[in-house]
Amino acid sequence: MSGNIELLGTTLATASAEDRAALIAYLPAGFPTVDGGIEAVKAVIAGGADVVEIGLPHSDPVLDGPVIQTADDIALRGGVRIADVMRTVREAYEATGVPILVMTYWNPIDRYGVERFTAELAEAGGAGCILPDLPVQESALWREHAEKHGLATVFVVAPSSQDARLATITAAGSGFVYAASLMGVTGTRASVGAQAQELVGRTRATTDLPVCVGLGVSNAGQAAEVAGFADGVIVGSAFVKAMLDAPDEAAGLDAVRSLAGELAQGVRKR
């Protein structure tokens, strides 16, 4: 079975044709439980998310701030496994038809086996992977198997990336480019900052891939600001925080659905 890279491309193109940015939501698998995490993904999609990233919980998530680290810890203590990540992708995709990616560090894939991981992700209906710590120059094996199975390879660029480096990264990637809005870890912030707009402009000069911005977006106003210059707005910590702050799972699902609705309106007000 082939993965859903084409669905991802079509979804992002449809948002562009509607003169808006796509809303990309991030949630970790297994949080607050495996079943609860699947329902949370369905809830953000019901609220208006166009694309969802499923986080593969990691014990040392170098890109992730304290909110996502807390959720990862809950998931890991609950015994989440890669099989649960694949189940989350499968059930979310089958229920919604929305492109679902996995965001993961390289070590779990390396230990699991690249061929096994890509084959299972494609079979589950996944659209691809975001790999924040995989250097492009060491990515040939991954890209070979991802391409074979119809999966996008999304690399992360940062404000510190030089133009020549951006060109190397974007030439190797597919699906879209993940532009980190600032140097640092994930988390909600008062301002997304001008660095993100400059980075998007420099990245676009090297590629025709959509450029989507993450790190720091937490409300409709910020989503509208980023939608003014990016093809997609990526929101993670704000969704996770809404789940963490809720008194129970049902309230958490209501909270993420509502937040997705507000952000979906924001990306339409570019």
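Student: Is the crossing of H10 and H12 left-handed or right-handed?

Tutor: Right-handed. A crossing is called right-handed if the near helix is turned clockwise from the far one, and left-handed if it is turned anticlockwise by less than a right angle. H10 covers residues 220-227 and H12 covers residues 249-266. Their axes lie 7 Å apart, at an angle of about 35°. Ala220, Ala223 and Ala224 of H10 make the contact with Glu262, Leu263 and Gly266 of H12. Contact means heavy atoms within 4.5 Å.

Student: What do the element names and axes rest on?

Tutor: Helices (H or I, at least four residues) and strands (E, at least two) are DSSP runs, numbered from the N terminus. Axes are lines fitted to C-alpha atoms, for helices over the stretch in contact, and angles run from 0 to 180 degrees between N-to-C directions. The model is predicted: local features need pLDDT of at least 70 and side-chain atom pairs pLDDT 80 or more, while totals for chains, interfaces and linings use all residues. Residues are numbered from 1 along each chain as its sequence is written, and side-chain values use heavy atoms, leaving out hydrogens and water.

Student: At what angle do H2 and H4 cross?

Tutor: At roughly 35°, with the axes coming within 10 Å. H2 is residues 34-47 and H4 is residues 82-96. H2 passes H4 in a right-handed crossing. On the H2 side, the residues are Val34, Asp35, Ile38, Val41, Lys42 and Ile45. They meet Asp84, Arg87, Thr88, Glu91, Ala92, Ala95 and Thr96 of H4.

Student: Which residues touch the most other members of the largest nonpolar core?

Tutor: General idea: in soluble globular proteins, nonpolar side chains tend to be buried together. A nonpolar core is a set of buried Ala, Val, Leu, Ile, Met, Phe, Trp, Tyr and Cys residues joined through side-chain atoms within 4.5 Å. Buried means under 20% relative accessible area, exposed over 50%, and partly exposed in between (1.4 Å probe, protein chains only). Here the largest core has 92 residues. Val44, Ile100, Phe117, Trp142, Phe176, Val233 and Phe239 touch the most other members. Beyond four places in sequence, Val44 is in contact with Ala25, Leu27, Ala49, Val52, Phe239, Val256 and Ala260.

Student: How many aromatic pairs are there?

Tutor: The whole structure holds 3 aromatic pairs. Trp106 and Trp142 make an edge-to-face pair, because their ring centres are 6.2 Å apart and their planes stand at 90°. The pair joins distant parts of the chain: Trp106 sits in H5 (residues 106-112) and Trp142 in H7 (residues 140-148), 36 residues apart. Rings of Phe, Tyr and Trp (its six-membered ring) pair if their centres lie within 6.5 Å; planes under 30 degrees apart count as stacked, over 60 as edge-to-face and the rest as tilted.

Student: Are Trp106 and Trp142 buried or exposed?

Tutor: Trp106 is buried at 18% relative accessible area. Trp142 is buried at 0%. Together with Tyr112 and Phe117, these two form one aromatic cluster.

Student: Which residue lies over the face of Tyr112?

Tutor: Arg116, at 3.8 Å from the ring centre. A charge sits over a ring if NZ of Lys or CZ of Arg is within 6 Å of the ring centre and within 35 degrees of the ring normal.

Student: Now the strands. Where is Val51, and what is it in contact with?

Tutor: Val51 lies in S2 (residues 51-55). Its relative accessibility is 0%, so it counts as buried.

Student: How far is Ile234 from Ala22?

Tutor: They are 212 residues apart in sequence and 8.5 Å apart in space, C-alpha to C-alpha. Ile234 is in S9 (residues 232-235). It is buried at 4%. Among its contacts beyond four places are Ile24, Glu53, Phe176 and Tyr178.
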